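The stops below go from a pocket to a sheet.

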Amino acid sequence: ANRFEAYPGYAGSLVVEGTVNVSGATFGIQTVSFSLNGLDAQCGSANHSQPNACGIHVHRGSSCDDAQGHFWDNATVSDPWSLGPTYSGAGGEALAVATGLDLKDLGGKVIVVHD
């Protein structure tokens with residue numbers, strides 16, 4: 001993903017720019033790599049136990065207007081997006097996520113960058 005827009009109802013001042021890439025490490029596990037600007041500077045310096053805080057997640061929908069919930073195979077794994085992956089505020093990282101899905105299943109899905 002390299003085009004970002006505000007999530008419906010978001011009233012904050014952050015404007016995210018950059019790229020997010022999801023690649024396949026092995027079946028059921030993907031690597032989310034990103035190089036982003038405009039992230040929440042408090043991420044990485046505060047305790048973020050709130051679900052979704054500072055997260056980069058793949059959602060079920062195919063547009064921000066209809067993002068729906070987190071996307072994973074709930075028959076084989078619990079929600080891997082609930083407390084991760086998270087960014088530290090630096091904006092360039094790569095994180096493994098066990099979705100239980102094949103990489104091709106994630107094609108065309110929405111990537112949400114939370115503050």
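Which strand gives the most to the lining of the largest pocket? Select residues 110-113: this is strand 5, which gives 4 residues. Strands here are DSSP runs of E with at least two residues, numbered from the N terminus. The model is predicted, so local features need pLDDT of at least 70 and side-chain atom pairs pLDDT 80 or more, while totals for chains, interfaces and linings use all residues. Residues are numbered from 1 along each chain as its sequence is written, and side-chain values use heavy atoms, without hydrogens and water.

Stay with the largest pocket, whose volume is about 700 Å³. Now select Phe4, Glu5, Cys64, Ile111 and Val112, the closest to its centre of the 29 lining residues. A pocket is an open set of points on a 1 Å grid over the protein atoms alone, where a 1.4 Å probe fits, with protein on both sides within 12 Å along at least five of seven lines; lining residues have an atom within 4 Å of a point. The volume is the space filled by probe spheres set on the points, which are joined across faces, edges and corners. Colour the lining by class: 18 residues are nonpolar, 6 polar and 5 charged. Cys and Pro count as nonpolar, and Gly as polar.

Next, select residues 17-26 and 29-37, strand 1 and strand 2, which run antiparallel and are joined by 9 bridges. Pairing requires at least two DSSP bridges. Glycine 24 has glutamine 30 of strand 2 as its bridge partner. Between these strands lie 2 residues of the hairpin, where glycine 28 has a positive phi near 85°.

The open sheet has the order 1-2-4. Strand 1 and strand 4 (92-98) are at the edges with a single partner strand each, so one side of each has no neighbour in the sheet.
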